[in-house]
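Here is a friendly walk through one protein model.

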Amino acid sequence: MAVNPTLAFSPKPWKDRSFKVFTHRQLEKIPALARLHPEQVFEMEVVANVLPFRVNEYVIEELIDWNNIPDDPIFRLVFPQKEMLPADGFDRMAAALKAGDKAAIASIASELRAGLNPHPAGQMELNVPMLGDAKVEGMQHKYRETVLFFPSQGQVCHSYCTFCFRWAQFVGDKELRFASSEADTLLAYLREHREVTDLLMTGGDPMVMKTKNLAQYLEPIADDPALEHVQTIRIGTKSLTFWPYRFVSDPDADDALRLFEKLVRAGKHVAIMSHYNHWKELDTPIAREAIRRVRDTGAEIRSQGPLLNHINNDPDVWARNWREQVKLGIIPYYMFVERDTGARQYFEVPLARAWEIYREAMQQVSGLSRTARGPSMSADPGKVEIQGVAEIHGEKVFVLRFIQGRNPDWVQRPFFAKYDEKATWLHDLEPAFGEKKFFFEDEFEAMKARQGAE
């Protein structure tokens, strides 16, 4: 195994831990919350009965500055805030909780969740592929080259992000979940679709799985000549932030690293798509050791995360985040726009301001950090990047382009939208220069109609 044990620090500058997690049912058992007013803890409980809540002891004790509450960014990243729900919905849920009315709690939660766009970008309707005459559950094939797979054993995370666009995976409603445990079906689909070069294991978080389970999906890609066309294996994970022990001292940490190394030796590009929202997530000794060990296998770590009001809506934060990542050998990959789902009204940033933050952050970093693309909206038709604001023929416009599209011919095609300082998502924008529709709209509508007819 390529992981070099001689590089380990001695003595270890981190605290050994066993995994201990708290959900909304254990809110009052979190010692740190004793610092807060009881009403604030109750407000968290109200929100956590609608949106998912899960946090582990490492995050609580080592990532959050409890002398900076409620403004600490990691606190807002994992602990629910009152403003994350509509005011009337919050009040109704609070009343139901105080009354102890379980039926009302369940009914209000279901109603509020339905109004929070639980599955944005058409993922339940438009992206589910077919194998023969059957839909392949737990898989999405939105872009020609890339398949997303949701292993059922990975439909949880070490902690939950309050902004998560896949929050519907975690609220216990099976109709809102998107998961599969069928490794054979995944591999059969990949063998049949030779246009697929990239497999993205996602969730939840695949790294909550035992390595032996993860290997059932990935080892055949290293061993089977019929899967030679699958060149890249991506693993979307927040574990390098929320539980870096997964790669250092968990019982099967070394097994996970050996799996990465095997895939690399087989000629596969292994990309750990790590979600980072703030430079504080990189700042503990155990986090840095996890990064080092993963990189020693030959796997790459790429960073991505959304721009979030209350957490990282500051170009200085992004610049420091990217500089620290490059220092540690991580490749900055994406700045996303917060998706139109869940508690978006709490986190969203106007597109005009998002572009300014991206631009001002880029001005502070070297070329090695400028690999981060954005601000990017993962919208129904594809990933749309805001390239800038310009004045053309006297009209102020957003300059946009597709980074990825449902039709590959849309990719890299520039298009223009009327400047709108309040717009926060693609559907808020109107075509510029008197056009009635964006160039892709008719074709996209036809795609949806065909999908609905199947």
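## A bend in helix H7

The bend at a residue is the angle between two fitted axes, one for the seven residues ending there and one for the seven starting there. Keep in mind that this is a predicted model. In H7, a kink of about 45° lies at tyrosine 217, shortly before proline 220.

How does the span of H7 compare with what 1.5 Å a residue would give? Helix H7 covers residues 211-223, and its 13 residues should span 18 Å; the end C-alpha atoms are 17 Å apart, which agrees.

## What H7 packs against

Several H7 residues are buried, among them Leu214, Tyr217, Leu218 and Ile221. The partners that the buried residues of H7 pack against include strands E6 (146-149), E7 (198-201) and E8 (232-237). Helices H6 (183-192) and H9 (253-265) also pack against these buried residues.

## Two nonpolar cores

The largest nonpolar core has 96 residues, and the members touching the most others are Ile30, Phe79, Leu199 and Leu218. Beyond its neighbours within four places in sequence, isoleucine 30 is in contact with Phe22, Phe53, Val55, Ile60 and Phe79. A second, separate core holds 22 residues, including Ala352, Phe402, Trp410 and Phe438.

## Cysteines without a bond

How many disulfides does the model have? With a cut-off of 2.5 Å between cysteine sulfur atoms, the count is zero. For cysteine 157, the nearest cysteine sulfur belongs to cysteine 164 and is 6.3 Å away, which is too far for a bond. Cysteine 157 counts as buried, at 10% relative accessibility.

Note on methods
Residues numbered from 1 in each chain as written. Predicted model: local features only at pLDDT ≥ 70, side-chain atom pairs only at ≥ 80, totals over all residues. Heavy atoms only, no water. Core = buried A, V, L, I, M, F, W, Y, C linked by side-chain atoms within 4.5 Å. Buried < 20%, exposed > 50% of the residue type's maximum accessible area, 1.4 Å probe, protein only. Contact = heavy atoms within 4.5 Å. Helix = DSSP H or I, 4+ residues; strand = E, 2+ residues; numbered from the N terminus. Expected span 1.5 Å × (residues − 1).
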